[in-house]
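Student: Hi! Could we go through a structure together?

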Amino acid sequence: MSEDIARRPDKLTSAGLDELSVLPVFFKLAGKSVVIAGGSDAAAWKAELLAASGAQTYVFATNVSDKLKELTRRTGLVHIEHRQLQVRDFEGAALAIGDFETVEEIDAFRQMARKAGVICNIIDKPKQSDFQFGSLIERSPLVIAISTDGAAPVFGQALRIWIETLLPDGLRHWAKAAKSWRPKITALNLDFHARRKVWEIFARRALSHPEKKPDESDLEAMLAGLHQSNADKNTTHVALVGAGPGDPELLTLKAVRALQSADVVLFDDLVAPGVINMARREAQRISVGKRGYKPSCTQEDIISLLIEHAQAGRRIVRLKGGDPLIFGRAGEEIEALHRAGIPVEIIPGVTSASAAAASLKRSLTERETARRVQMITAHARNGQLPDDLDWRALADPKATTIVYMGVRTLQALANRLCAEGLDPNTPAIIIERASWPNERHLTSTISKLPQAAEAAAIQAPALVIIGQALRDHKSEL
Ligand code: SAH
């Protein structure tokens, strides 16, 4: 291949490389042969892996497990020799694998392999092995392998599952498409920069639409992108992404993927640093905090920023605390982007009410006592308690009311609710920073909660939850 971009010297990465415990390499085994000594299930797993890589796999064993027998029936690549492995069997083998218990067996095997010049792996004995198998993430032709150099294989497997969940399965189709388009792109005889640009556009498209099956239109767009001053300009959109209540573990997979492919991330004050850290390292991070009573970015500033970056062809993630569609003024941003002709994608998030209920381990609904959940904000444009709330609904003894932005007006809200007929002894909880490490909550009744909250100096962000669904909850503050 003439255009191996990765082979160009890169001072930044080569100079800073720390000591490697093992070198990951990717073997092409199609058409080669490998030998395995041992007929156990563990040997069968390795045989399956090697056969999947296209190797002619010769298993030497006097006792053969059912799994191995089944494997020979299923694939034409696994061959069983019912005898002990000998020196001559190593001849021409690319790799050798042994499954042994005793030191003597291992030594004898290693000596034979060495004599034949074949590198070997002893199953579950990393110290005695020339090479090890990693935990695999397979999106062939895209393959990822994880090694802990034998330190903690179970940890490696856990990481594998973690990466598996983050990596859309559809990437295999993009990797396959890259393989089939590569000759066509090579044939164009583009210079280094142009080739690089084409593959950059490819990577952007794959990462922003991983579940789409790539087709010829993507190839055309890649080539068309060459003639645009800003690659992929037409495909940009703004993702309004729910950042959840604080704990980064509560992000959706979609949110993480969007963050991982963003060029620019605009975030509110409420978004936890751990969530912003999930963004691609190179992404530009812009705080557009709208703080209740402190100096802040205006909604107009935010909208102009979104439009500016979108028109420059950058992938934008607009992170909003909790769910973007609950008290997030998302409607204004959606409308403005719509008017500017910029497509919007919405990725929902866990709203703080859900996180609060989870922390309190309380169901917000109950068959007899809490038939309805209502979410309100206790903060009007002028900073006061809104006057146009449906007070009858809020005084309903069979409803659970969740109050967003309600710290400052809590006393006024409690007074008004009681005046509208809500029982002053109705259970009420205030929860500050639900799902953050420094979360606290306070349990009381609606008439007593305002004073208790003030005494405990509860600060925003905090939610007030009111209703019979909360009764009998013990204070843990
Ligand atoms: N879209 C957000 C709400 C934004 S309004 C969501 O779905 O949660 C901002 C208000 O949300 C805060 O004043 C507070 O009342 C509430 N809030 C946000 N995060 C919170 C958290 N971690 N704990 C408690 N309340 C929170």
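Predicted model: local features only at pLDDT ≥ 70, side-chain atom pairs only at ≥ 80, totals over all residues.

Student: Is D263 buried or exposed?

Tutor: D263 counts as buried because its relative accessibility is 13% (buried is under 20% relative accessible area, exposed over 50%, partly exposed in between, with a 1.4 Å probe and protein chains only).

Student: What does the side chain of D263 reach?

Tutor: The D263 side chain reaches the backbone nitrogen of R315 at 2.8 Å.

Student: New topic: which residues touch the most other members of the largest nonpolar core?

Tutor: L413, L417, I430 and I466 do, in a core of 24 residues. A nonpolar core is a set of buried Ala, Val, Leu, Ile, Met, Phe, Trp, Tyr and Cys residues joined through side-chain atoms within 4.5 Å.

Student: And which element gives the most to this core?

Tutor: That is α15, with four residues. Helices (H or I, at least four residues) and strands (E, at least two) are DSSP runs, numbered from the N terminus.

Student: Now the charges: where does the charged end of R433 sit?

Tutor: Over the ring of W436, 4.5 Å from its centre. Likewise, K46 lies over the face of F133, at 4.8 Å from the ring centre. The cut-offs are NZ of Lys or CZ of Arg within 6 Å of the ring centre and within 35 degrees of the ring normal.

How values were computed
Residues numbered from 1 in each chain as written. Heavy atoms only, no water. Polar contact = N/O pair within 3.5 Å; in protein donor to acceptor, adjacent residues only side chain to side chain.
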